Each structure stands twice: as structure tokens, then as C-alpha cells.
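Here is a quick briefing to go with the chain you are about to see. Keep the view open and follow along as the topics come up.

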Amino acid sequence: DGTVSMINAAISGGGIDDIAFDPFSGILYGGNTGAEFFSIALSDGTVTMINADTETQIAALAFDPFSGILYGGNQVGRFFSINPADGIVTMIEADTGFGIESMAFNPVTGILYGGNTTSRFFTIDPSDGNITLINLSTDTGMAALAFEPVPEPSSLAMMLSLVSIGAGAVVIRRRRAKQLAA
């Protein structure tokens with residue numbers, strides 16, 4: 001119904017510029033342009049500072065769904081990885097040529113997409129930070145990106161099994177109806 005529930009009204013420091021959920025550990029991480037990196041408790045929104053000075057602004061965060069590596073970017077075009085345990089930043093590209101204000105991995109293809117508020121939409125090569133423009137002007141800024149989650153193979157297999165059972169029941173019901181009609 002669109003109702004918003006506040007779970008933590010007070011975030012100290014520079015606020016939250018982006019968040020990323022680690023699919024392997026189940027931990028939510030956040031960062032800000034004040035160069036702070038922290039975890040956020042999903043139950044009550046409590047922020048636990050991991051690194052109060054990463055030495056670079058954090059405007060965008062994204063976990064690689066295959067490797068589990070956490071990547072970050074910022075408005076001045078830096079692209080980097082972040083160690084979630086200590087918040088240490090490892091620079092991959094100091095100047096990509098474009099500000100990176102949003103990032104998200106496609107969970108099927110593993111392609112990292114990025115965007116910024118100057119209306120650019122692009123892919124980012126995580127190995128070297130190389131950016132390939134998809135659209136120079138989207139007519140609207142991209143302050144956030146997200147992909148629809150893909151069901152786990154076991155969930156998908158169960159869903160297909162249920163569909164098969166349901167289809168089988170329909171076939172049996174039709175056969176019985178034909179037999180009774182004859």
C-alpha cells in the first residue's frame with residue numbers, strides 16, 4: 001500500500017548515499033560521500049561504523065552476485081572494490097571519465113551497469129573500470145539502479161514441478177470427463 005515505516009531516524013555522520021545487500025552473508029552495507037563505510041542491521045536500522053575514513057567518497061555500491069566482491073564508485077569517476085570486513089578501498093580506476101552515482105549487477109548475465117545524475121547510462125568492466133556508454137542522454141538522471149531478483153535454481157525447479165503436477169491433474173481430469181461422457 002506504499003506505507004513507509006521508519007526503523008532508524010538518526011544516522012550519524014554523512015548520512016547514507018547508497019546501500020548494497022551481500023547475498024552471501026545477508027548483511028546490508030552502506031556508504032556515503034563523507035567517505036564512511038558501515039553495516040546496517042536489517043531488524044532495527046542500527047548503523048555500525050566499519051571504516052570512518054575510506055579516503056574516497058562512496059556514492060554507489062554493488063555486490064557481484066557471482067564472486068561476492070563489493071564494488072564502489074563516486075561522482076568524480078573513481079571505481080574501486082571495498083573489503084566489507086574493514087572498509088579498505090582498493091582503487092581499480094581513479095578516473096573513469098564519468099561520475100558513478102548508481103550501480104547494479106544484472107543477476108543473470110553478471111554485467112555491471114552504472115548511471116549518474118547527468119543522464120548517462122553505461123556498463124562498467126569490473127576488472128579495469130572501463131566504461132562503455134549505452135546512452136549518452138536518458139533525459140533523466142540515474143540516482144539508483146536495481147534488477148529484479150532471479151529465483152534460485154531449487155525454487156525454480158520446485159515451481160516447474162508444481163506446474164507439471166498441475167498440468168498432469170488437468171489432463172487426468174479431462175480424460176476422466178471424456179470417459180464418463182462416453
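Strands β3 and β4 make a hairpin with six residues between them, and Gly45 in the turn has a positive phi of about 80°. Before you go further, note that this is a predicted model: local features need pLDDT of at least 70, side-chain atom pairs count only at pLDDT 80 or more, and totals for chains, interfaces and linings use all residues. Residues are numbered from 1 along each chain as its sequence is written, and side-chain values use heavy atoms, with hydrogens and water left out.

**The hairpin and its sheet**

- Strands β3 (residues 37-40) and β4 (residues 47-51) run antiparallel and are joined by four bridges; strands here are DSSP runs of E with at least two residues, helices are runs of H or I with at least four, and both are numbered from the N terminus.
- Look for Phe38, whose bridge partner in β4 is Met49.
- Strand β2 (residues 28-31) also runs antiparallel to β3, again with four bridges, and Leu28 has Ile40 as its bridge partner in β3.
- Put together, four strands form an open antiparallel sheet in the order β1-β2-β3-β4; two strands count as paired if DSSP finds at least two bridges between them.
- The edges of this sheet are β1 and β4, each of which pairs on one side only.
- From one strand to the next, the twist averages 30°, using axes that are lines fitted to C-alpha atoms (for helices, over the stretch in contact) and angles from 0 to 180 degrees between N-to-C directions.

**Another four-stranded sheet**

- There is an open sheet with the order β5-β6-β7-β8, and its pairing is antiparallel.
- Its edge strands are β5 and β8 (89-93), each pairing on one side only.
- The twist in this sheet averages 30° from one strand to the next.
- Inside it, β6 (residues 70-73) and β7 (residues 79-82) pair over four bridges in the antiparallel sense, with Tyr71 opposite Ser81 in β7.

**The whole chain**

- The chain has one helix and twelve strands, and the sequence pattern runs β-β-β-β-β-β-β-β-β-β-β-β-α.
- Of its 182 residues, 35% are buried (buried means under 20% relative accessible area, exposed over 50% and partly exposed in between, with a 1.4 Å probe and protein chains only).
- Take the contacts between residues at least 6 apart in sequence: 40% of them join residues at least 24 apart, where contact means heavy atoms within 4.5 Å.

**The largest pocket**

- The largest pocket holds about 750 Å³ of space.
- Its lining has 29 residues, and the closest to its centre are Phe21, Phe63, Pro65, Phe105 and Phe147.
- A pocket is an open set of points on a 1 Å grid over the protein atoms alone, where a 1.4 Å probe fits and protein lies on both sides within 12 Å along at least five of seven lines; lining residues have an atom within 4 Å of a point.
- Grid points are joined across faces, edges and corners, and the volume is the space filled by probe spheres set on them.
- Strands β1 (18-21), β5 (60-63) and β9 (102-105) each give two or more residues to the lining.

**A look at Asp95**

- You'll find Asp95 in the loop between β8 and β9, and Asp95 counts as exposed because its relative accessibility is 53%.
- Asp95 touches Val76 and Gly77, leaving aside residues up to four places away in sequence.
- Val76 is 19 residues from Asp95 along the chain, with 7.3 Å between their C-alpha atoms.
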